[in-house]
Amino acid sequence: MMGGKYMKYKILMALMGLEIGGAETHVVELAKELKKQGHDILVASNGGVYEKELEQVGIRHYKVPMNQRNIFKIAQSYFMLKKIIRKEKVDIVHSHARIPGFICGMLHKRMNFTFVTSAHWVFYTGMGLKYLTNWGQKVIAVSEDIKQYLMDNYHVRNEDIFVTINGIDTEKFSPETDGSRIRKEFQLDADKPTLVYVSRMDESRAMVARQLIEITPRLVEKIPDLQILVVGGGDVFDELLEKSKIVNRQVGRNCIIMTGARTDINELVSVADVFIGVSRAALEAMAAGKTVIVAGNEGYIGLFGREKLELAQENNFCCRGCEMSEEEKLYRDTIYAFCDMTAQDRAAAGLYGREVIFDYYSVTKMAQDSTSAYDAAWRESHEKQYHVVMSGYYGFNNTGDEAIMLSMHKNIQQLGDNYHITVLSNKPVETREKYGIEAVYRFGIRDVLRAIYGSDALLSGGGSLLQDSTSTRSLLYYLSITVAAKCMRKKVMLYANGIGPVSGKRNRRLVKQVVNRADLITLREENSHQELLEMGVNPKKCFVTADPVFTMDGVDQESAYALLKQENIPLDKPLVVVSVRHWRDMDKFIARFAKLCDTIIEKYNHNIVFLAMQMPNDITISEKVLKRMEHPAYILHNSYSPEEVMGIIATANFILSMRLHTLIFAARQHVPLVGFVYDPKIAYYLEQLEMPSGGELKNFDLEHTLCLIDDILEHKQVYVEKLREKAAMLNQKAHRNEKYLMRLLEKRK
């Protein structure tokens with residue numbers, strides 16, 4: 001079989017059973033839609049009421065007892081599934097629930113099939129059960145909160161999780177569905193108010209059913225003709241049936257009707273004026289155009305409307321994390337739905353609910369999400385996979401280093417879907433949530449070693465990691481990560497590094513010893529190359545490229561101006577973006593620099609905007625400059641992504657900066673700049689870009705700098721064209737980094 005976007009698979013769905021339930025209905029609808037799209041679908045389970053529905057659309061079912069933890073049943077299921085997979089020549093096994101996942105996971109290790117799972121719910125992780133759970137090559141989560149649960153509790157990689165929805169068949173669940181058969185069966189009066197509740201009648205699912213039965217006498221006092229259908233079967237059905245009989249005797253009529261387990265849910269829902277339920281049942285009722293109260297064992301959302309959509313979507317209408325359901329809440333909303341809402345109000349609420357289903361919860365979308373997971377898992381099974389770990393100064397709110405991380409990640413990812421990246425970050429949760437990048441805590445020894453052990457290569461970079469001007473401790477950290485990788489026999493690449501300054505003799509010897517063990521070294525500038533050669537590093541391993549940030553793009557101009565407006569930055573005059581940082585002996589420089597800013601405002605009629613590249617340090621130094629100024633200026637106080645910072649820089653007429661990556665951002669956006677030298681790397685890049693230098697901080701010359709600015713403004717287009725030429729050249733050189741990496745990974749040991 002050929003791989004690819006339009007590939008048709010033979011898929012085995014493995015689940016515990018086919019009795020009434022949200023996950024079971026999800027699997028049935030998914031199987032039917034995938035069948036419709038041309039895939040060959042098989043289902044294995046302990047069976048149940050949905051077998052007939054699958055049979056009617058030509059989906060074969062194998063009865064396998066995967067519904068029990070009994071060790072003998074698990075062993076029996078193992079051998080039965082093994083036989084089915086071999087006989088049917090299955091391409092993909094898609095398991096649902098813990099027991100099927102455990103069994104299929106064991107088979108996956110021994111058989112040649114692609115393995116995908118679905119997470120419909122959160123599992124108990126105690127008593128070692130966490131370690132018996134197998135999530136396959138890719139996992140499909142039915143909500144964002146379950147995705148987070150998988151990452152937090154099972155360390156499933158962000159890139160291995162596909163979020164889907166509970167897809168609903170909008171033809172089956174429709175306002176046009178005929179409920180006459182149901183009314184006849186249960187002797188319901190079409191002119192009397194009807195409430196329908198649907199869920200499994202299991203102890204873990206039936207709390208709201210209990211509450212509804214308890215409040216029925218009070219409901220009937222306000223709604224005398226109320227008819228209630230409670231739909232579903234389970235281990236507490238008999239108990240609740242007895243309670244309902246007691247309530248019916250109490251109200252003097254057969255008010256509550258317990259239907260037991262049913263498959264004709266669409267017809268049962270069709271007779272409702274108001275529906276109570278959770279998860280898939282609530283979505284089905286919305287598709288049918290019903291007024292819905294969302295309530296379940298995990299929480300209470302209440303009457304669904306526009307203001308509840310975002311909350312409900314976060315937990316897939318399961319109410320996880322919401323306030324708990326209580327009888328008073330249920331009573332209040334039920335009375336409101338029947339007594340305070342008019343028929344027109346309920347119709348409008350139902351119409352909105354159905355719109356939500358069409359927009360977000362179609363069964364076609366659910367099948368497409370699953371197919372995306374299948375394709376990704378298939379490629380992983382049939383293509384060589386490369387796993388790399390990136391080590392750098394990530395997760396410290398430094399825009400320059402975050403830009404390096406994002407640029408490296410983007411460029412490596414563009415090599416193909418078979419390249420997988422884990423970042424060592426100071427704030428791994430923030431890195432994952434903000435950028436969607438897989439990350440572990442850089443000081444978590446176990447997590448770091450696990451990540452390196454599971455990788456093919458360690459990338460140390462970019463930026464000036466190997467230096468001792470800030471501290472020897474930092475230098476030793478990066479060297480130790482490299483040593484750990486080599487001890488595990490992993491390939492190591494120094495990726496677009498800036499080297500130095502390394503002043504201590506002992507430190508220089510350490511750098512030489514460790515760096516010589518690296519397999520490949522790329523350097524972002526010639527100065528760094530020379531520094532390594534002087535230390536005695538093997539020149540055959542070293543190649544000069546450029547900083548990865550020369551490949552990054554900023555947000556568009558409209559978005560950048562919107563960010564400035566949010567911080568009340570006036571746009572009536574040209575902007576000068578200023579980037580300063582803390583350094584040694586800054587007092588004289590601050591005073592002179594404040595005078596420079598005042599002169600720019602007076603002489604050129606520009607607005608000064610201070611930009612922080614590292615929060616909050618750069619805010620503090622910017623405020624010190626501002627206090628010394630006589631004219632008003634502005635500071636950007638919010639935290640921005642590297643792309644947003646680059647976009648803001650593009651709005652400037654010119655740039656004044658001490659920060660290297662502010663200069664690189666400006667060059668990338670072709671904005672003329674003046675740099676101020678606190679480190680040799682600044683002088684080097686100013687020379688490379690052929691941009692003017694304001695000199696070293698201790699020798700800052702106000703008049704000289706003003707002459708530089710005069711020249712920029714007088715010959716601005718010349719500067720712009722020069723930067724355009726230099727940025728294009730450095731962009732090409734920066735892209736050599738990932739090409740070197742690709743060769744390193746593809747090279748056999």
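Two strands are said to pair if DSSP finds at least two bridges between them. The legends below use this term for a predicted model.

**View 1. An open sheet of six strands with parallel pairing.**
The strand order in this sheet is β23-β22-β21-β24-β25-β26. Strands β23 (634-635) and β26 (693-696) stand at the edges, and each has a single partner strand, so one side of each is left without a neighbour in the sheet. Strands of a sheet pair through backbone hydrogen bonds, in either a parallel or an antiparallel manner.

**View 2**
Strand β24 comprises residues 654-657 and strand β25 residues 673-677; the two run parallel and are joined by three bridges.

Helix α10 spans residues 279-287, and nine of its nine residues are buried. Among them are the charged residues R280 and E284, as well as L283 and M286. The packing partners of these buried residues include the helices α1 (22-36), α9 (265-270) and α13 (343-360). Strands also take part in this packing, namely β8 (194-198), β11 (274-277) and β12 (291-296). Just after the helix, G289 adopts a positive phi of about 80°.

Strand β10 consists of residues 256-260, and five of its five residues are buried. The side facing one way carries I256, M258 and G260, while I257 and T259 point the other way. Residues on both sides of β10 are buried. Strand β9, residues 227-231, runs parallel to β10, and four bridges join the two. Within this pairing, V230 has M258 of β10 as its bridge partner.

**View 2. The whole protein chain, for orientation.**
The chain contains 29 helices and 26 strands. Its C-alpha atoms fill a box of roughly 95 × 60 × 40 Å along the principal axes. Of the 749 residues, 58% count as buried. Among contacts between residues at least 6 apart in sequence, 71% join residues at least 24 apart. The accessible surface comes to about 32000 Å², and 49% of this surface belongs to carbon and sulfur atoms. The mean positions of the 97 positive and 94 negative charges lie 9 Å apart.

How values were computed: Residues numbered from 1 in each chain as written. Predicted model: local features only at pLDDT ≥ 70, side-chain atom pairs only at ≥ 80, totals over all residues. Heavy atoms only, no water. Buried < 20%, exposed > 50% of the residue type's maximum accessible area, 1.4 Å probe, protein only. Contact = heavy atoms within 4.5 Å. Areas by Shrake-Rupley, 256 points an atom, 1.4 Å probe, with all protein chains shown as cover. Charge placed at Lys NZ, Arg CZ, Asp CG, Glu CD.
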